[in-house]
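Here is a short briefing on one structure. Sequence and coordinates come first.

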Amino acid sequence: MIRNDVAITPELVKEHGLKPDEYERFVNLIGREPTITELGIVSAMWNEHCSYKSSRIHLRGLPTKAPWVIQGPGENAGVIDIGDGQACVFKMESHNHPSFIEPYQGAATGVGGILRDVFTMGARPIAALNFLRFGEPDHPKTAHLVSGVVAGIGGYGNSFGVPTVGGSVGFHSRYNGNILVNAMAVGLARADEIFYAKATGVGNPIVYLGSKTGRDGIHGATMASAEFDESSEEKRPTVQVGDPFSEKLLLEACLELMKSGAVIAIQDMGAAGLTSSAVEMGAKGNLGVELDLDQVPCREEGMTAYEMMLSESQERMLMVLKPGMEKEAEAIFHKWGLDFAIIGKTTDTLRFVIKHGGEVKADLPIKELGDEAPVYDRPWVESPRQPVIEPSSVKAPMSEAEALLKLVGSPDQCSKRWVWEQYDHLILGNTVQTPGGDAAIVRIEDGPKGLALTTDVTPRYCEADPFEGGKQAVAEAWRNITAVGGLPLAITDNLNFASPERPEAMGQFVGCVRGIGEACRALDFPVVSGNVSLYNETNGQGILPTPAIGGVGLLDDVTVNASIAFKREEDVIVLIGVTEGWLGQSIYLRDICDREEGAPPPVDLVVEKRNGDFVRQLIRSGQVDTVHDCSDGGIALSLAEMAMAGRIGATLTAVPEGLALHAFLFGEDQGRYLLALPQENAADVLYEASAIGILAVALGVTGGDTLILPGEQAISVRELKAAHESWLPDYMAGKA
Amino acid sequence: MKSAVVVFPGSNREGDVLRALKLAGSDVQKVWHAETELPKGTDLVVLPGGFSYGDYLRCGAIAGRAAVMDAVRAHAARGGLVLGICNGFQILCESGLLPGILMRNANLRFICHRQFLKVERNDTAFTKAYAKGQAIDVCVAHGEGNYTADVETLNRLEGEGLVAFRYCDAQGHVTADANRNGSMNSIAGIYSDKLNVLGMMPHPENLVENLVGGTDGLRLFESLVSSFPKAA
């Protein structure tokens with residue numbers, strides 16, 4: 001009989017984030033009152049963050065397969081085949097709650113966690129990206145959070161030695177009390193040398209590797225599964241402290257150990273630490289696990305079983321080793337100055353048994369803790385439909401030139417150089433396209449291939465119409481990769497939403513996931529990994545629904561690519577795609593007309609694919625080297641960004657009749673690209689487009705040092721650039 | 001030419017400099033920090049960029065006292081060539097091979113960006129492929145690159161022509177705007193008295209191919225390789 005020194009009261013159950021019916025389910029499962037250690041273990045495993053209990057049934061609808069998918073969701077990261085025996089391993093994960101409480105360490109350990117997920121699979125990280133959302137700039141906390149999060153991301157990634165090559169930064173009042181910090185890591189492995197969490201074999205040694213266990217981060221995953229209120233800052237002790245130096249050593253030691261052939265299974269200790277990693281290894285392999293906590297390397301004395309099982313100390317790994325190879329493994333870890341301890345073994349009992357001080361502290365059925373955790377079909381309601389806003393109903397409050405100048409220097413559209421200059425984006429010497437374009441490009445080893453990488457979503461679209469917004473997020477990631485010449489292969493999704501216990505928020509989740517699934521299917525762009533972050537709300541105010549999409553694409557020849565910068569004078573500017581002047585939910589309507597309303601632009605996925613495939617083929621055949629997709633701010637903003645990046649002006653001459661100029665310039669119709677190409681190629685491209693029914697229109701030419709919109713005063717590119725580059729540094733210096 | 005690239009725990013640009021050296025035509029070998037000798041016949045020792053020992057205590061402080069550094073000091077004392085880049089420069093300062101210290105950047109933030117450097121002299125083993133006064137396009141990536149020394153040291157460096165590179169604009173003008181980390185006299189790199197040890201904060205090893213931005217950095221490695229007769 002297992003000894004129980006702490007009476008389990010309803011208050012204690014509540015403190016552990018378990019609902020009464022969940023606790024009852026647990027008691028019925030084990031047939032007795034749990035020990036405090038067991039209560040801690042189940043709270044760690046059954047919380048939203050680890051169990052996906054509210055999201056799981058909806059995620060099943062996402063497409064996860066394709067001939068090039070080696071591993072879909074459910075492992076530490078997704079894996080895709082990129083040819084030549086190489087595999088790309090990637091995932092995105094949130095660290096929203098910890099980053100709000102302690103921005104530097106919260107963001108840093110978010111990066112650490114996702115890098116670990118990737119190298120746990122046997123891949124060497126070659127690029128990192130992120131997706132950040134902050135509250136409105138005027139909010140008293142915002143600048144402090146931006147400063148801490150950016151420094152934290154840089155602090156960890158720079159030291160670890162991975163280039164941070166892309167990302168997205170935005171501001172909105174709905175993130176005032178809940179910022180979003182999503183980190184993505186991309187790694188490279190041999191396709192036939194991928195490592196998994198699934199344990200095999202009875203009686204095999206379970207080893208603990210990496211840093212020592214301390215009292216930090218206890219209940220981190222539980223915190224991440226609750227709403228926030230004023231007391232949240234008291235949760236600072238649940239935020240872990242990152243040590244990128246240890247992580248770098250852990251990377252090298254793990255990859256070296258994997259090469260030795262000693263590793264059967266590996267799982268990093270992330271959320272819910274030792275508990276989650278051990279349960280997952282056993283549950284996936286249909287094996288029991290027995291751990292002797294007296295063997296766990298501890299940083300502090302007198303740690304209880306409860307504390308050890310729930311600690312989220314960073315830079316730790318759990319492995320199942322081939323018997324007889326312990327000595328060899330230990331030597332590798334000691335060479336790198338890291339802890340190595342055999343702390344248990346696999347069993348055939350399907351029980352999760354924890355011993356400490358010679359006593360059994362927990363004895364639980366492992367499957368029910370892990371892959372058979374509770375699943376909920378939460379009630380949800382569809383978001384109310386928003387009216388379509390006719391372009392003619394939106395009056396222009398200022399000239400187009402003034403509007404453009406205002407937008408390029410606005411918080412969301414301004415240059416994020418201040419941010420990405422704090423990230424080492426050049427290390428490894430493979431960064432072909434740096435931050436600031438549609439997608440980053442990194443060369444794979446010495447070439448000739450490359451990866452195109454992006455993170456994107458338009459939360460205001462998702463709020464107005466979750467289904468269309470979900471579609472658009474995937475389409476835009478696909479478009480970003482296409483615009484640099486990449487063939488989009490797969491995505492990772494980071495689904496940030498408010499409380500699933502509110503039917504409205506749950507409805508947003510359901511709608512977005514359906515939209516994502518629809519677009520992924522239509523674009524052959526499966527989901528191979530992801531993360532769900534719910535309960536992003538403070539005092540009942542939820543965030544905008546924000547399913548961030550991390551996209552990966554392949555360039556067969558990395559030297560053949562396109563970028564947004566104008567490269568020559570007198571290039572013809574060609575618009576691909578149909579423009580109806582869709583102003584509903586546009587940046588123009590929001591930031592110029594001060595109206596955040598209407599239905600978002602719909603995405604026609606057939607047109608999306610056709611237009612994108614056409615543009616990619618133009619890049620790959622060498623006909624076009626200058627491409628930018630049209631997204632926030634429409635044609636005008638894209639054009640301005642192309643001019644600023646290339647320091648070459650442009651004159652727009654052709655404007656369609658029957659559409660107000662501001663609707664044409666700033667409308668956010670989907671599936672569009674702007675190209676700039678030499679005169680001699682233009683006729684061919686226009687002809688090729690029309691031959692397959694794609695609308696392609698020559699809008700104007702590049703040249704000079706000003707941007708000239710029809711009937712408007714010329715705007716100097718220098719002036720645009722000054723506005724574009726100054727907002728963020730000024731804001732961070734307290735001047736904006 | 002034979003190059004030895006020292007790897008400390010936390011080094012992370014060793015691969016970048018290995019690639020640059022190979023492109024320039026050097027034989028290359030990695031040397032683990034716990035070694036007490038350099039490989040036989042080593043012509044050039046490179047201390048690469050990174051965060052040796054996590055930059056804990058002080059950047060380069062622990063690495064400067066690593067076992068291998070005695071061998072590096074002996075190599076330098078024999079007149080052998082030593083190149084320290086970024087964290088390697090910090091290690092050279094901490095190990096006593098170069099004077100001065102790298103302080104926190106003036107804006108207190110890590111900065112990574114393309115950067116022009118003015119080549120102060122082109123009569124050294126490191127810079128013979130450049131023109132004197134040329135503005136070369138490389139990059140920086142550091143949080144502690146703010147070169148600082150006492151007045152006496154600074155005067156000596158200037159007086160004896162030991163400043164290797166200064167931060168400048170595209171036209172080669174040494175301006176305050178171009179000196180973003182706040183280094184004294186815009187110093188980006190310095191030589192030892194005998195011109196055989198070079199420490200520099202910027203990364204020439206990341207600008208060695210047109211695909212990733214240019215080849216100005218490669219010339220530094222080519223200069224080094226051309227200083228040695230080709231192996232038979």
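This is a predicted model: local features need pLDDT of at least 70, side-chain atom pairs count only at pLDDT 80 or more; totals for chains, interfaces and linings use all residues.

Residues are numbered from 1 along each chain as its sequence is written, with chains lettered from A and ligands numbered from 1 in the order in which they are written.

**Chain contact**
- Chain A gives 25 residues to the contact and chain B gives 23 (contact: C-beta atoms, placed from the backbone, within 7 Å).
- On the chain B side, α1 (14-24), β6 (111-119) and β7 (135-142) each supply at least two residues (DSSP runs numbered from the N terminus: helices H or I, at least four residues; strands E, at least two).

**Core**
- The largest nonpolar core holds 317 residues (buried Ala, Val, Leu, Ile, Met, Phe, Trp, Tyr and Cys joined through C-beta atoms within 7 Å; buried means 20 or more other C-beta atoms within 10 Å).
- A:L453, A:V474, A:V574 and A:A643 have the most contacts inside this core.
- Beyond neighbours within four places in sequence, A:V474 touches residues including A:I491, A:I516 and A:F525.

**Sheet in chain A**
- Seven strands form an open sheet with mixed pairing, ordered β23-β25-β22-β26-β24-β27-β28 (strands pair if DSSP finds at least two bridges between them).
- The edge strands are β23 (626-629) and β28 (715-716).
- β24 (650-652) and β26 (696-702) of chain A run antiparallel, joined by 3 bridges.
- A:L652 stands opposite A:G700 in β26(A).

Definitions and conventions:
Two residues are in contact if their C-beta atoms, placed from the backbone, lie within 7 Å. A residue is buried if 20 or more other C-beta atoms lie within 10 Å of its own, exposed if 12 or fewer, and partly exposed in between; C-beta atoms are placed from the backbone.
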